[in-house]
Amino acid sequence: MSTGSSQTPNIAIAQDLEAAFALFVDASKALEEQQLALQSQISQLSQELVEVNGRLSSLLNALPAGVILVENQIVIDFNPAAIQLIPDLKKGSFWNIPKSWKSSTTVGEYHQKHGQTEQILQVHQIDSSVRSVIQIQDITASISSHAERERVNRLAAMGKMSAGIAHQLRTPLSTALLYASHLSDEKVGDDQKRLFADRLKKQLMNLEKLAGNMLLFLRQRPQQMTNSPLDDLIDEACQAIQAICDERQIGLNLSLQSSGSVVNVEKQSIVSALIAILENALQVTQSGQSIAVTTIALQGRVQIMIDDQGPGIAADMMDTLFEPFSTSRITGTGLGLSIARNAIDSHRGEILVSNREGGGARFTIILPSLIEL
Ligand SMILES: Nc1ncnc2c1ncn2[C@@H]1O[C@H](COP(=O)(O)OP(=O)(O)O)[C@@H](O)[C@H]1O
Ligand SMILES: [Mg+2]
């Protein structure tokens with residue numbers, strides 16, 4: 001047995017072990033510290049998450065609009081405003097628009113009986129994979145204030161209209177009466193009578209057109225709303241003036257940057273509004289010049305711009321342009337733009353006018369649009 005020779009390696013092993021152990025202790029201390037740091041980070045993050053969640057809940061609770069969170073078509077959460085609108089809403093139930101809500105003519109809008117009154121609700125759904133956020137807004141007040149404003153405007157306009165009607169009717173009527181009196185005059189020959197009869201007919205046709213335009217001006221809300229691609233409306237309006245453009249060598253430049261946009265409109269009234277603006281543009285456009293029609297799709301809206309190269313809107317016409325009987329033309333009725341504005345207003349749109357820096361006028365129409373196809 002050689003105890004002397006085995007002692008040295010034993011000491012060495014013991015020393016190695018001691019060093020390894022010290023390393024292990026250091027490493028586990030470091031690990032422990034790291035874990036502690038990690039844990040405190042986790043608890044800090046959890047705390048923050050709780051706070052954010054709390055803030056989000058108070059925000060949702062304070063929102064006047066109803067908000068419903070849906071996953072795989074199942075209701076997982078909602079705020080108090082949602083319960084106000086849908087009292088029997090329950091977590092875990094299948095999400096559907098309540099049966100008692102009636103679809104309105106505008107997509108995403110519903111009517112529901114609320115006691116004696118009728119509520120108008122607007123529903124927006126934002127989808128991301130299996131989750132959806134459904135936002136429901138009571139827009140009854142904003143719609144009725146819009147309708148009230150329209151009514152007050154119309155009443156004020158009617159006052160001015162009475163004066164305008166008298167003015168507009170007087171000339172063609174007295175001319176027509178003059179022709180009629182010639183017809184019953186025995187001294188007037190047959191050829192002359194035929195001529196007067198023709199002129200009388202023309203005057204009466206003008207009067208009929210004027211009466212038709214006045215009725216259009218007084219018309220209430222649009223009746224038959226349909227979903228129409230915006231491009232179709234532009235196309236139809238442009239076709240109505242194409243022949244005149246060709247004959248007078250006026251260019252019609254279309255730049256339709258909203259292809260796919262769909263609007264919910266009473267088609268004929270919007271097309272007529274566009275034609276009224278295009279006709280005005282034609283009246284100030286010389287041969288060789290052009291009219292530009294541009295469309296742009298914005299968030300939930302479309303914008304149509306009609307630019308001409310005429311002299312622009314006269315300063316004294318700017319403020320009254322859209323009022324009935326406001327005209328600077330001898331043969332004008334001043335009804336074109338007022339009917340156009342009524343039509344656009346009743347679609348909850350907007351019509352604006354400006355003179356362009358480079359000369360000429362710009363009419364801008366903004367209409368609410370549906371989701372792009
Ligand atoms: N593109 C335009 N450039 C210059 N003035 C315009 C233009 N469009 C309309 N106006 C002005 O607005 C007035 C009202 O137009 P409108 O309501 O269509 O009636 P009318 O064409 O019968 O005069 C016109 O008489 C004219 O003074
Ligand atoms: Mg006109």
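Helices (H or I, at least four residues) and strands (E, at least two) are taken here as DSSP runs, numbered from the N terminus. The model is predicted, and local features need pLDDT of at least 70, side-chain atom pairs count only at pLDDT 80 or more, and totals for chains, interfaces and linings use all residues. Residues are numbered from 1 along each chain as its sequence is written, while chains are lettered from A and ligands numbered from 1 in the order in which they are written.

Six strands make up an open, antiparallel sheet in the order S2-S1-S6-S5-S4-S3, where two strands pair if DSSP finds at least two bridges between them. Its edges are S2 and strand S3 (102-103), each of which pairs on one side only. S1 and S2 run antiparallel and are joined by four bridges; isoleucine 68, for instance, has phenylalanine 78 in S2 as its bridge partner.

The loop between strand S1 (66-71) and strand S2 (74-78) holds asparagine 72, a residue other than glycine with a positive phi, near 50°. Asparagine 72 counts as exposed because it has 11 C-beta neighbours inside 10 Å (buried, 20 or more other C-beta atoms within 10 Å; exposed, 12 or fewer; partly exposed in between; C-beta atoms placed from the backbone). Phi is also positive, near 50°, at glutamine 249, in the loop between helix H5 (230-247) and strand S8 (251-257).

Turning to the ligand, 22 residues surround ligand 1, the closest being Asn280, Thr327, Gly332, Gly336 and Leu337 (C-beta atom, placed from the backbone, within 6 Å of the molecule). Helix H6 (267-283) and helix H7 (336-346) each contribute at least two residues to this shell.
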